[in-house]
Amino acid sequence: MTGLHAEFVAQHLWHDETTRTIDGHGVPHPHGERIPCQTNSGPGEATAAAREATPQITTVVLAMQDDGAMLAALAEAERAGEHDDVPVGAVVVRDGAVIAARHNEREATGDPTAHAEILALRDAAAVVGHWRLDDCTMVVTLEPCFMCAGALVNARIGRLVYGAADPKAGAVGSLANVCADARLNHRPPVTAGVLAEDSAALLRAFFATRRR
């Protein structure tokens with residue numbers, strides 16, 4: 001985590017001994033209920049632990065709103081540039097804690113399935129101890145593709161939050177909406193457009209360097 005996003009995460013992630021839920025108000029949200037995108041209101045004082053936090057944290061309990069979780073995903077996305085991968089980052093949140101944080105690694109590993117969401121789902125399942133992630137929220141900087149949207153449905157993800165839309169490959173509203181397909185047996189609630197411009201800016205900067 002470097003630069004501006006590290007500062008943002010320190011401002012928007014905060015520790016609470018009572019553990020707030022992902023909606024940021026301390027009230028557990030009913031499973032399956034859509035929770036609107038939250039704003040950056042009243043996050044409280046960032047702790048030293050939050051200032052030093054990295055996307056790899058899986059044990060420190062952090063309460064976060066959608067914006068805070070997305071900032072953590074953006075910080076993870078920035079790391080993809082270290083190995084020339086498209087800057088997409090994803091975090092999985094459970095009971096207010098980040099239990100998985102990954103970024104694209106296709107170039108780094110040569111694995112065509114190594115999208116941020118797939119890697120984060122694998123890590124989250126390992127932490128939870130089973131494949132069903134219906135009490136987890138996936139937060140990803142870019143609209144998931146067909147592969148990743150299908151994986152989210154198969155993981156029974158409790159909720160999806162994404163940043164920028166992907167008009168060329170997105171499968172959660174752009175080219176199709178896998179997560180809302182009535183033919184499937186699981187349809188997670190989706191919140192789109194959270195810090196979308198921040199996500200889009202990372203992508204634009206990445207591809208601009210490749211056109212030179």
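Guide: In this predicted model, the protein chain exposes about 9700 Å², of which carbon and sulfur atoms supply 53%. Buried residues account for 51% of the 212 residues in the protein chain, and, among the contacts with a separation of 6 or more, 64% are made by residues 24 or more positions apart. The protein chain holds seven helices and five strands, and, read from the N terminus, its elements follow one another as α-α-α-β-β-α-α-β-α-β-β-α.

The five strands form an open sheet of mixed pairing, in which the order is S2-S1-S3-S4-S5. Its edges are strand S2 (97–103) and strand S5 (190–192), each of which pairs on one side only. On average, neighbouring strands of this sheet are turned by 15° against each other, with direction ignored. Strand S1, which covers residues 89–94, pairs with S2 in the antiparallel sense over six bridges, and Val-93 has Val-98, in S2, as its bridge partner.

Helix H7 (residues 196–210) packs on this sheet, where it touches strand S3 (136–142) and strand S4 (159–164), and the direction of the helix makes about 55° with that of S4. From its first C-alpha to its last, H7 reaches 22 Å with its 15 residues, which is close to the 21 Å expected at 1.5 Å a residue. The buried residues of this helix are Ser-199, Ala-200, Leu-202, Leu-203 and Phe-206. Seen down the axis of H7, these buried residues fall within an arc of 155°, and they therefore line one face of the helix.

Asn-177 is found in the loop between S4 and S5, and it counts as partly exposed because its relative accessibility is 34%, a value that lies between the 20% under which a residue is buried and the 50% over which it is exposed. When its neighbours within four places in sequence are left aside, Asn-177 is in contact with Ala-171 and Val-172. The C-alpha atom of Asn-177 is separated by 9.9 Å from that of Cys-145, although these two residues are 32 residues apart along the chain.

Terms used:
Residues are numbered from 1 along each chain as its sequence is written. This is a predicted model: local features need pLDDT of at least 70, side-chain atom pairs count only at pLDDT 80 or more; totals for chains, interfaces and linings use all residues. Side-chain values use heavy atoms; hydrogens and water are left out. Two strands pair if DSSP finds at least two bridges between them. Helices (H or I, at least four residues) and strands (E, at least two) are DSSP runs, numbered from the N terminus. Axes are lines fitted to C-alpha atoms, for helices over the stretch in contact, and angles run from 0 to 180 degrees between N-to-C directions. Contact means heavy atoms within 4.5 Å. Buried means under 20% relative accessible area, exposed over 50%, partly exposed in between (1.4 Å probe, protein chains only). Accessible areas come from the Shrake-Rupley method with a 1.4 Å probe; for residues, only the protein chains shown count as cover. The expected span of a helix is 1.5 Å times one less than its number of residues. The arc is that of the directions from the helix axis to the C-beta atoms.
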